[in-house]
Amino acid sequence: MTFCDDNKDDEGVEVVPELKLRVEGDDVDDVNGKRVSLRQRLLEECEAEDRDLLSKEPAFCSIWGRSIWYWIKLGILFIFIGLLAAVFLKWVGPFFMDKEIMPIINWEMATFSTPMLAFLVFASVALFPTILIPSTPSMWVAGMTFGYGYGFLLIISAAAVGVSLPFFIGSLFLHRIQGWLEKYPKKAAILRAAGEGNWFHQFKAVTLIRISPFPYIIYNYCAVATHVKYGPYILGSLIGMVPEIFVAIYT
């Protein structure tokens, strides 16, 4: 430790001590070289962090841009589907009903007697789902001819036959249907859920499938491959079809 007193003649000048520390074995050039090396290393690490941030920022922007574009396309798709549905309900549906469906229904009601119409309605509601044909027009005839009460009883009794035939026919092709379900596991997950659990769980699952917009004609054949029992299947099917039957009769 040394004392620096440059102005010895001046009074009142404070003497400042100067402390120098030297590590044995390290000369001045080595110390300066280590300082420069440490500074370069810090600068390189900072530059590397900046490059990482710059490289991550475009990736984040790209993901964000793809996400926004996905939602934009989804919104355009829903708008397009909504416009198609509006056009169908406003013009196509009424035109098709007036020109095609109603003339056939009026011809059936004018040509056949009431017992014959009851037989035709029962046969069509019972057999059409077996051959993958919708039976809703037959329900319209039942509502227009027999009213709400008798029309509902006629349709629900025929529907019991209509959902039972595919169930028993599907059991003859059980392995083939199971193979088809294995090819489409995501689509078959809902169907397989109906075959799990106890009796009441299967009943609830079948009822929800009937109420949902899932194609019930396809489910009639695939139900047996999900190991659902016939009791909850037939009861859940009939209860789940009640809203559809009332809408068809009212229409």
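Which residues form a nonpolar patch on the surface? The legends below take up this question first and then turn to other parts of the chain, all in a predicted model.

**Figure 1. Overview of the chain in the predicted model.** The chain holds nine helices and two strands, and along the sequence these elements follow the pattern β-β-α-α-α-α-α-α-α-α-α. Of its 251 residues, 26% count as buried, and the accessible surface comes to about 18100 Å², of which 68% belongs to carbon and sulfur atoms. Among contacts between residues at least 6 apart in sequence, 69% join residues at least 24 apart.

**Figure 2. A nonpolar patch on the surface.** The patch is formed by Phe122, Leu127, Val161, Leu165, Ile169, Leu172 and Phe173, which together have about 590 Å² of accessible area. Helices α2 (114-127) and α3 (136-172) each supply at least two of the patch residues, and α3 gives the most, with four. One of the patch residues, Leu172, is found in helix α3 and counts as exposed because its relative accessible area is 68%, where the cut-off for exposed is over 50%.

**Figure 3. The buried and exposed faces of helix α5.** In this helix, which spans residues 185-194, the buried residues are Ala188, Leu191 and Ala194. Viewed down the axis of α5, these buried residues fall within an arc of 85°, and they therefore line one face of the helix. The cover over the buried residues of α5 includes α4 (174-183), α6 (199-211) and α7 (216-222), whereas the face turned away from the buried side carries the exposed residues Pro185, Lys186 and Ile190.

**Figure 4. The largest nonpolar core and the surroundings of Tyr219.** This core has 40 residues, and those with the most contacts inside it are Leu181, Tyr219, Val228, Tyr233 and Ile245. Helix α3 contributes the largest share of the core, with 13 residues. When residues up to four places away in sequence are not counted, Tyr219 touches Leu191, Ala194, Val206, Ile209, Arg210, Phe214, Val228 and Tyr233; among these neighbours, Leu191 and Ala194 are also buried residues of helix α5.

**Figure 5. His227 in the loop between α7 and α8.** Although His227 is not a glycine, it has a positive phi of about 65°. The loop that holds His227 lies between α7 and α8, the latter spanning residues 230-240. His227 counts as exposed because its relative accessibility is 56%.

Definitions and conventions
Residues are numbered from 1 along each chain as its sequence is written. This is a predicted model: local features need pLDDT of at least 70, side-chain atom pairs count only at pLDDT 80 or more; totals for chains, interfaces and linings use all residues. Side-chain values use heavy atoms; hydrogens and water are left out. Patches are made of residues with over 30% relative accessible area and no salt bridge: like charges are joined within 9 Å, nonpolar side chains (Val, Leu, Ile, Met, Phe, Trp, Tyr) within 5 Å. Accessible areas come from the Shrake-Rupley method with a 1.4 Å probe; for residues, only the protein chains shown count as cover. A salt bridge is a side-chain nitrogen of Lys or Arg within 4 Å of a carboxyl oxygen of Asp or Glu. Buried means under 20% relative accessible area, exposed over 50%, partly exposed in between (1.4 Å probe, protein chains only). The arc is that of the directions from the helix axis to the C-beta atoms. Contact means heavy atoms within 4.5 Å. A nonpolar core is a set of buried Ala, Val, Leu, Ile, Met, Phe, Trp, Tyr and Cys residues joined through side-chain atoms within 4.5 Å.
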